[in-house]
Amino acid sequence: MTRLPSPASGTPSASGTPSLREEILAYYERGGENTRLAEGAGRLEFWRTQELLRRFLPGTPARVLDVGGGTGVHAAWLAGDGHEVEVVDPVPMHVERSGLLPGVTARLGDARALPAEDTAYDVVLLLGPLYHLPERPERVRALAEARRAVRPGGVVVAATINRYAGLNDTLRQGNYFRPERRERTDAVAADGRHLPSADDPDFTTAYFADPAEVPGEFDAAGLVCEGQYGVEGVAWLMGDVDAWLDDPERREAVLAATRRIESEPSLLGTSGHVLTVGRRA
């Protein structure tokens, strides 16, 4: 496969591998990924991502490359299910933590230049890297690297943050009524580019994608897009969702309702995150 040009954001390291932006590294070194998906509404994202992946992954044992796998929140249960899991992540602290998990190996690396042999994996997951690649050539490069690393017929799953997730979330929190936050939020909704700010410390440099553009990026990377799935649906915006998730019966109702609308085109963009599933032909 033809290599794409070096990415515009981030500075290549001495080895030629793209490096992570300093503000993104600093954000993740705060350690928020240790607990984000284990509490509050983050549990909805975790459980729905888990059930979707279990639906699309091949039977065990599959060889899974978890690119941008963080502290191993998904690698842990994937290994527990019987898969052979390797985490590649650009944050040293993430690699250290995920590498301690039973059945998981981990090493430093960047989604745009994977330290992986051709066709070595049954599944490649990108459950975070596309968040932090604002330029389309960079995202296509990461997807092309995933295609290179997965075997013919293998599965590639990528997560994106939805274009209007910030607008919906700031409305939910009440921050949209602060003029400075409204101006920034409206700007992100216009072009998807989120920049860090002292007034908005909850996230870092990121790209919020229109779900409709992602299949085209899969196609440009040589992947066949097979479907898109809203992870949290509209439930994450409901004020009582934390309490609903605490109650096993209501939690199952929320998951079932979210599952019902997961691929409804008119509602796909209301979810905080979307999973796009593709395959190497």
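These are my notebook entries on a predicted model.

**Ground rules**

I number residues from 1 along each chain as its sequence is written, and I use heavy atoms for side-chain values, leaving out hydrogens and water. Because the model is predicted, local features need pLDDT of at least 70 and side-chain atom pairs count only at pLDDT 80 or more, while totals for chains, interfaces and linings use all residues.

**Entry: the nonpolar cores**

I looked up the largest nonpolar core and found 44 residues. A nonpolar core is a set of buried Ala, Val, Leu, Ile, Met, Phe, Trp, Tyr and Cys residues joined through side-chain atoms within 4.5 Å. Buried means under 20% relative accessible area, exposed over 50%, and partly exposed in between (1.4 Å probe, protein chains only). V64, L125 and V157 touch the most other members of this core. Its largest share, five residues, comes from helix α2 (residues 42-56). I take helices (H or I, at least four residues) and strands (E, at least two) as DSSP runs, numbered from the N terminus.

I then followed L125. Not counting residues up to four places away in sequence, L125 touches L53, V64, L65, D66, V67, L78 and V157. Contact here means heavy atoms within 4.5 Å. I also noted a second, separate core of 26 residues, with L126, V140, A144 and F218 among them.

**Entry: helix α2**

Next I checked the length of α2. At 1.5 Å a residue, its 15 residues should span 21 Å, and the end C-alpha atoms are 22 Å apart, which agrees. The expected span is 1.5 Å times one less than the number of residues.

Is α2 enclosed or open? I find 12 of its 15 residues buried, so α2 is largely enclosed by the rest of the structure. The buried ones include L44, F46, L52, L53 and F56. R43, E45, R48 and E51 of α2 are buried too.

I looked at the peptide bond from T60 to P61. This bond is cis, with omega near 0 degrees. P61 lies in the loop between α2 and β1 (63-67).

**Entry: α6 against α7**

How do α6 and α7 pack? Helix α6 (residues 165-173) and helix α7 (residues 179-191) meet at an angle of about 155 degrees, and their axes are 8 Å apart. I use axes that are lines fitted to C-alpha atoms, for helices over the stretch in contact, with angles from 0 to 180 degrees between N-to-C directions. The two helices are therefore roughly antiparallel to each other. Angles under 35 degrees count as roughly parallel, over 145 as roughly antiparallel, 65 to 115 as roughly perpendicular and the rest as oblique.

G166, L167 and T170 of α6 make the contact with R181, T185, D186 and A189 of α7. I note that A165, N168 and T170 are the buried residues of α6. They pack against β5 (150-162) and α7. G174 follows α6, and its phi is positive, near 90 degrees.

**Entry: residues in loops**

F177 sits in the loop between α6 and α7. F177 is exposed, with a relative accessible area of 57%. Leaving aside neighbours within four places in sequence, F177 is in contact with L171 and R182.

I find T119 in the loop between β3 (104-108) and β4 (121-126). Its phi is near 55 degrees, a positive value in a residue other than glycine. T119 is partly exposed, with a relative accessible area of 37%.

G239 is in the loop between β8 (223-230) and α9 (241-246). G239 is exposed, at 76% relative accessible area.
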